[in-house]
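Subject: Structure handover

Hi,

Here is the structure we talked about. Please load it first, then read my notes below.

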Amino acid sequence: MNRSRVLPGIAFAAVAVLLIAGLAWATRVALQLEHADTVRLALWRLDSRIFPILAREDSRPVSHYEPLYPPTPALTRTGTSINLGNVLLPSPLLSVDLPDWVSLHFVIDAKLGWRSPQVPNETLAKRLRDSSAGIAMTNATPERAARLQHLALQFPVRKWFDVDETIPQVEASAQQNVANDSPTQVSQGRFPNSQQAGQWLENEARVRSQTQTAIRGDNRSPDRGNTAVINYAPLPDLVAAKDMSLGQSYVCSKATIDDLKPVWRNSADGTEHLLLLRRVDGGELVLMQGVLLDWPRLREVLTDGVRDLLPDAQLVRDEGQHPDRMSALPVRLDAGDAPMTLFPLNTPLRWGLTFAWSASAIALVLAALGGWSLLDLSERRFRFVSAVTHELRTPLTTLRLYLDMLTSGLVRDEAKKTEYLNTLHGEADRLHRLIANVLEFARLERQMPVVNSQPVVVRDFMESMKKEWGTTCHAAGKSLDVSIEDGVPDIIETDSEILRQLLGNLIDNSCKYSREAEDPTVRLSVGRTGDDFVFAVEDRGPGIATRDIRAVFRPFRRGTNTPAASGGVGLGLTLANRWSKLLGGDLRLKDVTTGARFEFALPNAPCP
Ligand code: ADP
């Protein structure tokens with residue numbers, strides 16, 4: 001590369017690298033922010049899917065966790081409290097519509113173990129089904145019974161409470177037996193047999209009924225926060241029946257109910273379970289109530305809900321404080337890294353970034369082209385000035401020398417005089433052509449000249465060309481051969497002045513650059529190819545190197561192997577090319593084995 005272009009090239013490359021690096025950094029940050037925004041939106045969607053369910057489960061009364069519960073407090077029409085005795089209502093949990101990922105509602109009782117309102121014992125289940133009240137038991141399914149049995153096996157009750165030391169024997173034996181128990185037996189508290197269980201319950205009931213007589217039922221008063229009065233009296237007839245046929249009942253008052261919280265628990269076999277849990281502390285009686293969630297199914301439902309935002313998103317257990325953790329569940333949204341591509345163009349930000357990249361690329365290309373042509377222009381100016389200076393100095397020096405000799409009377413011989421005068425003529429011609437070319441180039445740069453098309457007699461035109469250029473060629477040691485091929489009409493229509501200048505420049509070049517050629521003939525011919533008249537100028541000189549072919553038609557460009565002494569400023573072919581366009585034709589350098597052949601194809605039609 002030209003040395004004068006190295007520094008600007010390096011500066012441009014540095015600016016381009018800075019621009020691209022800055023844009024890449026800004027794109028990266030913008031995409032990360034967009035990704036973070038998408039993650040936040042996805043988290044919001046996930047939480048808003050879970051929170052309503054959490055809220056509903058959290059507000060579920062304690063009593064609903066029993067298959068049957070007393071309708072307390074019951075009032076008369078006048079507002080006085082009424083003891084409804086043995087009146088019981090079926091828990092809504094037996095029939096309420098639940099999402100398919102809500103697997104089981106359960107109670108863990110420090111004394112009675114695991115049970116579920118959705119897994120009533122066989123006797124109760126039968127009674128409820130046979131009842132004339134038409135109680136729906138859609139949620140009392142065998143799958144739920146199996147899940148309860150599994151939980152009871154995997155999670156020993158003592159793990160959940162500071163269990164009273166008097167209970168463990170019952171617990172221990174219950175754990176041993178649970179594998180063989182039916183789900184119904186599990187729900188009964190896993191006593192070795194119903195007789196023991198009945199006895200224990202009866203004792204409990206008796207002790208508690210000493211301090212608790214009123215049956216006031218279950219409520220959660222908003223102005224009392226999480227403290228509720230849940231007074232279950234043992235249902236005397238049921239307990240007395242000792243067959244546990246209608247499930248358990250409690251006596252406790254002023255229980256404190258914690259908020260329902262989502263927690264992970266690993267079972268003995270290492271399986272992860274996602275539970276919603278709350279502690280119900282009634283003093284003597286402490287319960288855990290909760291909901292078992294089907295995590296694989298819930299995960300599927302949740303990830304499906306954000307698939308359009310984050311196709312590769314995953315939900316993973318996380319009990320820490322990760323920023324991408326859901327608020328509703330101890331679960332983190334693993335969305336992967338921010339994508340580092342602008343595609344697909346599905347957001348305004350991505351469109352904006354694409355526009356920014358495109359605009360920068362266009363600006364860089366334009367700056368490069370602008371800079372390049374500026375450098376090219378300044379180089380061309382430099383070349384022009386040095387070429388013109390050289391081209392002016394040489395003929396002027398010759399002119400002065402020969403004129404000095406002639407005017408001083410030193411040359412007396414007539415033949416010598418004629419020779420010197422011919423040289424002077426040639427140099428003056430050279431000067432004239434140079435100045436004419438420069439002026440013509442300047443004129444063409446400023447404005448499009450008017451083309452004056454007129455009928456031209458071909459033979460006369462070719463003869464005049466031979467006359468005009470024959471002498472110049474002769475002075476260069478060449479001969480100009482002019483021919484008209486068959487098929488060319490006598491008269492063609494064109495601007496003969498422009499055509500004359502065009503062909504003149506080509507002939508001048510041939511004479512100038514083929515001096516060393518063995519064949520001294522320069523040929524000017526006109527023929528016909530299809531609809532075109534083809535004027536050709538050919539010589540047997542060195543020709544033009546392939547790598548120079550495009551450049552030589554540009555202004556102030558000369559062939560790389562052309563000696564400076566041959567004279568010229570690199571305007572001859574530029575002008576010839578522009579004139580050819582003016583005449584509506586096309587000037588081309590033909591591929592020939594020896595020398596150079598330029599062809600100008602002139603359409604057989606009036607000039608545009
Ligand atoms: P100039 O003759 O002033 O250098 P031109 O535009 O007429 O400018 O020609 C450009 C270059 O093309 C020349 O410098 C020369 O290298 C090459 N050239 C033109 N005509 C011929 C030819 N007939 N034979 C060999 N080279 C040629």
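Start with Arg558. An N or O atom in the Arg558 side chain sits 2.5 Å from an oxygen atom of the ligand. Keep in mind that this is a predicted model. Asn509 also reaches the ligand through its side chain: an N or O atom there is 2.7 Å from a ligand oxygen. Val569 uses its backbone instead, with an N or O atom 2.9 Å from an oxygen atom of the ligand. How much of the ligand does the protein bury? The figure is 97% of the 530 Å² that the ligand exposes when taken alone.

The shell comes next. Helix 12, helix 13 and strand 21 are the elements that give two or more residues to the shell around the ligand. Helix 12 gives the most, with four residues. There are 20 residues around the ligand. Those that come nearest are Asn509, Tyr513, Arg558, Thr562 and Leu573. By class, the shell splits into eight nonpolar, eight polar and four charged residues.

Now the nonpolar cores. The largest has 45 residues. Phe461, Leu503, Leu506, Ile507, Leu524, Phe535 and Phe600 have the most contacts inside it.
- helix 9 (348–407) and helix 10 (414–446)
- helix 11 (458–475) and helix 12 (496–513)
- strand 18 (521–529) and strand 19 (532–539)
- helix 13 (572–582) and strand 21 (596–603)

Which of them gives the most to this core? Helix 12 does, with seven residues. Beyond its neighbours within four places in sequence, Ile507 is in contact with Met465, Trp469, Cys473, Leu480, Leu524 and Val537. A second, separate core has 38 residues, among them Tyr65, Leu98, Leu310 and Ala328.

Leu310 brings us to Val39. Setting aside neighbours within four places in sequence, Val39 is in contact with Leu310, Asp324, Leu333 and Ala335. Val39 is found in helix 1 (residues 3–58). Is Val39 buried or exposed? Val39 counts as buried because its relative accessible area is 4%, and the cut-off is under 20%. Val39 and Val306 are 267 residues apart along the chain, yet their C-alpha atoms are separated by 9.3 Å.

Ser91 is another residue to check. It lies in the loop between strand 4 (89–90) and strand 5 (102–109). Its relative accessibility is 2%, so Ser91 counts as buried too. Leaving out neighbours within four places in sequence, the contacts of Ser91 are with His64, Glu66, Pro67, Tyr69 and Pro117.

Last, the whole chain:
- The chain has 13 helices and 21 strands.
- Of its 608 residues, 44% are buried.
- Among contacts with a separation of 6 or more, 67% are between residues 24 or more positions apart.
- The chain exposes about 32100 Å², and carbon and sulfur atoms supply 56% of it.

Best wishes

Notes. Residues are numbered from 1 along each chain as its sequence is written. This is a predicted model: local features need pLDDT of at least 70, side-chain atom pairs count only at pLDDT 80 or more; totals for chains, interfaces and linings use all residues. Side-chain values use heavy atoms; hydrogens and water are left out. A nonpolar core is a set of buried Ala, Val, Leu, Ile, Met, Phe, Trp, Tyr and Cys residues joined through side-chain atoms within 4.5 Å. Buried means under 20% relative accessible area, exposed over 50%, partly exposed in between (1.4 Å probe, protein chains only). Contact means heavy atoms within 4.5 Å. A residue is near a molecule or strand if one of its heavy atoms lies within 4 Å of it. A polar contact is a pair of N or O atoms within 3.5 Å; within protein, one must be able to donate a hydrogen and the other to accept it, and residues adjacent in sequence count only if both atoms are side-chain atoms. Accessible areas come from the Shrake-Rupley method with a 1.4 Å probe; for residues, only the protein chains shown count as cover. Ala, Val, Leu, Ile, Met, Phe, Trp, Tyr, Cys and Pro count as nonpolar, Asp, Glu, Lys and Arg as charged, and the others, Gly among them, as polar.
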